[in-house]
Amino acid sequence: MSTTPRTARGRATRERIVRAATDLITQAGVADTSLDDVRDRAQVSKSQLYLYFPDREALLREVAGSTCEMVLEGQEEALHGFDTITGIERYLDALVDLQVTQETPTGCPIATLAGQLADRDERTRLILADGLARWEQGLREGLKAMAQRGELRADADPCLLANQTLAILQGGLLLAHVRRDPGQMRIAADTVLAVVKAALA
């Protein structure tokens with residue numbers, strides 16, 4: 001279990017360690033990131049590192065949680081508009097643009113970590129699963145608002161639509177990453193839009 005510092009200086013040091021580990025893992029992957037690499041990047045001693053994180057798994061769990069927060073905070077404002085067709089189109093376009101503007105499509109950071117950690121540590125898997133669940137919840141709330149206004153068919157299930165949306169988007173992000181082709185994300189976004197429009201009243 002990681003330790004929460006009592007002082008502002010300690011919290012800053014702990015945050016620097018997590019940020020360094022997250023950056024290194026994003027660049028090189030979990031397997032090629034050692035605790036010594038993290039110490040060097042964060043400019044902390046071994047005793048400081050182990051004061052806050054007793055082992056590598058504790059640090060990786062913190063990286064997983066930090067990554068989920070980063071992804072969800074980046075989407076928070078856009079998801080507020082996910083309750084109209086115009087807002088949904090804007091949200092999907094933003095996801096596509098993010099892949100287009102990057103030097104190479106990076107896919108979903110949560111899914112990328114899940115591929116490396118989900119089978120390694122159950123607590124880490126649950127953290128990543130919760131991150132995806134919270135993403136899906138944001139989608140679901142918007143679709144439920146449309147249903148409550150009578151904008152979806154009576155037989156349309158907002159929960160199922162949200163699950164389908166997340167599944168399609170994750171597939172598009174994965175293909176865009178592996179194929180180095182942001183056009184794969186455009187296909188996924190267009191598919192989501194078609195699925196939602198088919199559910200309109």
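Predicted model: local features only at pLDDT ≥ 70, side-chain atom pairs only at ≥ 80, totals over all residues.
**Helix α8**

- Helix α8 runs over residues 158–179, which makes 22 residues. From first C-alpha to last, α8 reaches 31 Å, close to the 32 Å you'd expect at 1.5 Å a residue.
- At the start of α8, Asp157 gets a side-chain oxygen to within 2.9 Å of the backbone nitrogen of Cys159.
- Ten positions need listing on the inside: the buried residues of α8 are Pro158, Leu161, Ala162, Thr165, Leu166, Leu169, Gln170, Gly172, Leu173 and Ala176. They sit on the same side of α8, because they cover an arc of only 165° around the axis.
- What do those buried residues of α8 pack against? Their partners are α5 (85–101), α6 (109–117), α7 (122–148) and α9 (183–198).

**The nonpolar core**

- The largest nonpolar core has 53 residues. Ile17, Tyr91 and Trp135 are the ones with the most contacts inside it.
- Helix α4 (residues 56–79) gives the most to this core, putting in nine residues.
- Nonpolar side chains tend to be buried together in soluble globular proteins.
- Take Tyr91 as a worked case: setting aside neighbours within four places in sequence, Tyr91 is in contact with Gln75, Ala78, Leu79, Phe82, Trp135, Leu139 and Leu169. Leu169 is one of the buried residues of α8, and Trp135 is again among the core residues with the most contacts.

**A buried glutamine**

- Not counting residues up to four places away in sequence, Gln99 touches Pro105, Thr106, Gly107, Leu173, Ala176, Pro182 and Met185. Leu173 and Ala176 are among the buried residues of α8.

**Cysteines**

- How many disulfides does the structure hold? The count is zero.
- A disulfide is a covalent bond between the sulfur atoms of two cysteines.
- For Cys68, the closest cysteine sulfur is in Cys108, and at 8.4 Å that is too far for a bond.
- Cys68 is buried, with a relative accessible area of 2%, while Cys159 is partly exposed, at 35%.

Terms used
Residues numbered from 1 in each chain as written. Heavy atoms only, no water. Disulfide = S-S within 2.5 Å. Buried < 20%, exposed > 50% of the residue type's maximum accessible area, 1.4 Å probe, protein only. Helix = DSSP H or I, 4+ residues; strand = E, 2+ residues; numbered from the N terminus. Expected span 1.5 Å × (residues − 1). Arc of directions from axis to C-beta. Contact = heavy atoms within 4.5 Å. Polar contact = N/O pair within 3.5 Å; in protein donor to acceptor, adjacent residues only side chain to side chain. Core = buried A, V, L, I, M, F, W, Y, C linked by side-chain atoms within 4.5 Å.
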